[in-house]
Amino acid sequence: MAERRRIVAMGGGGYSMEPDNPLLDRFVVELARGRRRHGRPTVCYLGTAGGEQERFSGMFFRAYSQLDCRPVELSLFWREVRDLRGFLLDCDAVLVGGGNTANLLAIWRLHGLDQALRAAWEDGVVLAGWSAGMLCWFEAGVTDSFDLARLAPLHGGLGFLPGSACPHYDGEPGRRPTYRRLVGDGTLPAGYAADDGAALVFHGTGLAEVVTSRPAARAFRVEPRDGRLAETALATRFLGTAPG
């Protein structure tokens, strides 16, 4: 049986960072379409990490209403959905916005959304997101959840994907050196780093490919190797048309 589970872990990008560049958003919708088969796929926005601010959800609806899909939102701050599992199983993709990853994980677990998301993932619902929406799927990562001025390790992720993750690898000056140090000294397990505009695409728990919305965006495997830290650039596929 073909692997149905899909996760699209973006270092950054999508409509929130690239409002005039819909390549990553279109990619998510096309993956979702593969589950729906007939009709427009339903894409659910989870804005928990950003405090479910209206301006963020408004950006989502404006962007995804221009794509061939049905955008919806699931709120936990003003919860109206009793059956979270059933709601997510009726969707074709879940898109997780950026913000505070530690708060996101705590709130999800309080409501049992972590279990509902696992059931959705195992049923073939595409899970996607950037920044906090990248970190949450892994076991651990590097975050500014505890202090916006200082990056720190985060443990206790959902663990759908093994190892650790680092978003904004090229977009925030402290991300790369901090992640390299934390993996190098064993504070974080080996994992993946992604630039803004790069998305790691997992089939099951294995990396299938890296797609990008920017020709120069990159992603890396970061791990200890033979007593040293190894940072290996991964092959990428640009989703747009190459210049020339």
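This is a predicted model: local features need pLDDT of at least 70, side-chain atom pairs count only at pLDDT 80 or more; totals for chains, interfaces and linings use all residues.
Eight strands make up an open sheet of mixed pairing, arranged in the order S3-S2-S4-S5-S1-S10-S11-S14. At the edges stand strand S3 (70-73) and strand S14 (237-238); each has a single partner strand, so one side of each is left without a neighbour in the sheet. Within this sheet, strand S1 (residues 6-10) and strand S5 (residues 126-130) run parallel and are joined by four bridges. Ala9 is found opposite Gly129 of S5.

Helix H2 (54-64) lies across S2, S3 and S4, and its direction is at about 165° to S3.

A further open sheet is formed by six strands in the order S7-S6-S8-S9-S12-S13, again with mixed pairing. Its edge strands, S7 and strand S13 (228-233), each pair on one side only. From one strand to the next, the twist averages 25°. Strand S12 (residues 219-225) runs antiparallel to S13, and six bridges join the two.

Aromatic side chains were examined next. A pair of aromatic rings is described by the distance of the centres and the angle of the planes. The count comes to 13 aromatic pairs. In one of them, the ring centres of Trp121 and Phe160 are 5.1 Å apart and the planes are at 5°, so the pair is stacked. Trp121 belongs to helix H5 (residues 113-122), whereas Phe160 is in the loop between strand S7 (152-155) and strand S8 (161-166); the pair therefore ties together parts that are 39 residues apart in sequence.

The largest pocket has a volume of about 310 Å³. Its lining comprises 19 residues, and those nearest its centre are Gly97, Gly98, Gly99, Trp130 and Ser131. Helix H2 (54-64) and helix H6 (132-135) are the elements that contribute two or more residues to this lining. Classified by type, the lining residues are nine nonpolar, eight polar and two charged.

Conventions:
Residues are numbered from 1 along each chain as its sequence is written. Side-chain values use heavy atoms; hydrogens and water are left out. On a 1 Å grid over the protein atoms alone, a cavity is a set of points where a 1.4 Å probe fits but cannot get out, and a pocket is an open set with protein on both sides within 12 Å along at least five of seven lines; lining residues have an atom within 4 Å of a point. Grid points are joined across faces, edges and corners, and a volume is the space filled by probe spheres set on the points. Ala, Val, Leu, Ile, Met, Phe, Trp, Tyr, Cys and Pro count as nonpolar, Asp, Glu, Lys and Arg as charged, and the others, Gly among them, as polar. Two strands pair if DSSP finds at least two bridges between them. Contact means heavy atoms within 4.5 Å. Axes are lines fitted to C-alpha atoms, for helices over the stretch in contact, and angles run from 0 to 180 degrees between N-to-C directions. Rings of Phe, Tyr and Trp (its six-membered ring) pair if their centres lie within 6.5 Å; planes under 30 degrees apart count as stacked, over 60 as edge-to-face and the rest as tilted.
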